[in-house]
Amino acid sequence: MTELHLAEPEASVRGFLERQLRSDGFEVLAFSSARALPRAAQPDVLVLGEPAALDVMRVPDCPVIVLGASDPGEKVRALERADDYLTRPFAYEELVARIRAVLRRCPPRRQLIDLGELVIDRAARRVRVCGRDVRLSQKELAFLVKLASEPDRVFTREQLLRDVWGYRAFAPTRTVESHASRVRCKLAAAGLGGWIVNEWGVGYKLRPSAADRI
């Protein structure tokens, strides 16, 4: 089921959209403002009723559809960071069509990430390593899921701070390093030594290269 987050300040609109989208098969979490969105949330699509929030919020790594006024300037600014813009008032059927269009371009994330020795069930928030359950905190899991989404890609420290912890700019914090160390130790204890690779001066990736594993 597609997980959709809705941030809409107008209660009547929010209630209507929540009911209708659920009846159309979406798994909906509705919030009264963008500020109430979970910082580590990873929905399959976000419908945002506050265009100005794009300037101050962590934009999740998923398609974003903005509901806004018929202001050309506002629309242009929103589309610099969002995937689509729908002018109020709008027909519900058009919103659903646009949601399905952006999902065709960017299909929903897999609920199950299966990398052989490592299996992550996002829906159940469960991690198994070599057949054994590994307990992770919420942020440790979010960090691991981010790396596992593209296991051979190196994510920069700035990308991880933005997408996992919601930082908007440079921050003098060691949270990435400390979480990486803890997750590395937990995976190693379960049988995956050498995973959570630190590419010095760049960032982190999930697993060693094929040559390193030989």
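Leu103 is buried (under 20% relative accessible area, with exposed being over 50% and partly exposed in between, for a 1.4 Å probe and protein chains only), having a relative accessible area of 10%. The structure is a predicted model, in which local features need pLDDT of at least 70 and side-chain atom pairs count only at pLDDT 80 or more, whereas totals for chains, interfaces and linings use all residues. Residues are numbered from 1 along each chain as its sequence is written, and side-chain values use heavy atoms, with hydrogens and water left out. Leu103 lies in helix α3 (residues 92-105); helices (H or I, at least four residues) and strands (E, at least two) are DSSP runs, numbered from the N terminus. Between the C-alpha atoms of Leu103 and Pro63, which are 40 residues apart along the chain, the separation is 7.3 Å.

Strand β1 (residues 3-7) has five of its five residues buried and is therefore largely enclosed by the rest of the structure. In a regular strand, side chains alternate between the two faces of the sheet. In β1 both faces are covered, with Glu3, His5 and Ala7 buried on one side and Leu4 and Leu6 buried on the other. Strand pairing requires that DSSP find at least two bridges between the two strands. β1 runs parallel to strand β2 (residues 27-31), to which five bridges join it, and Glu3 has Glu27 as its bridge partner in β2. Between β1 and β2 the chain passes through helix α1 (residues 11-23) in a right-handed β-α-β crossover; right-handed denotes a path from the first strand over the helix to the second that runs clockwise when the strands point away from the viewer. β1 also pairs in the parallel sense with strand β3 (residues 45-48), over four bridges, and there Ala7 is partnered by Leu48.

A further parallel pair is formed by strand β4 (residues 64-68) and strand β5 (residues 84-87), joined by four bridges. Leu67 has Leu86 as its bridge partner in β5.

In soluble globular proteins, nonpolar side chains tend to be buried together. A nonpolar core is taken here as a set of buried Ala, Val, Leu, Ile, Met, Phe, Trp, Tyr and Cys residues joined through side-chain atoms within 4.5 Å. The largest such core holds 30 residues, of which Leu118, Leu144 and Ile196 touch the most other members. Two or more residues are given to this core by each of β7, β8, α4, α5 and α6, and α4 supplies the largest share, seven residues. Contact, meaning heavy atoms within 4.5 Å, links Leu144 to Leu118, Ile120, Val127, Leu136, Val183, Leu187, Ile196 and Leu206, leaving aside neighbours within four places in sequence. A second, separate core of 17 residues includes Leu4, Val47, Ile65 and Leu86.

Helix α6 has 16 residues that should span 22 Å at 1.5 Å a residue, in agreement with the 23 Å between its end C-alpha atoms; the expected span is 1.5 Å times one less than the number of residues. Its buried residues are Thr175, Val176, Glu177, His179, Ala180, Val183, Leu187 and Ala190. The elements covering them include β7 (118-121), β8 (126-129), β9 (132-134), α4 (138-149), α5 and β12 (203-205). Within α6, Val183 is buried at 0% relative accessibility. Apart from neighbours within four places in sequence, Val183 is in contact with Glu140, Phe143, Leu144 and Ile196. Just after α6, Gly191 adopts a positive phi of about 120°.

Glu140, in helix α4, is buried with a relative accessible area of 3%. Its side chain reaches the backbone nitrogen of Ser137 at 2.9 Å. Residues up to four places away in sequence not being counted, Glu140 touches His179, Arg182, Val183 and Lys186.

Thr173 is situated in the loop between α5 (157-163) and α6 (175-190), and with a relative accessible area of 19% it is buried. The side chain of Thr173 reaches the backbone nitrogen of Thr175 at 3.1 Å. Beyond its neighbours within four places in sequence, Thr173 is in contact with Arg157, Leu161 and Tyr167.

How values were computed
Polar contact = N/O pair within 3.5 Å; in protein donor to acceptor, adjacent residues only side chain to side chain.
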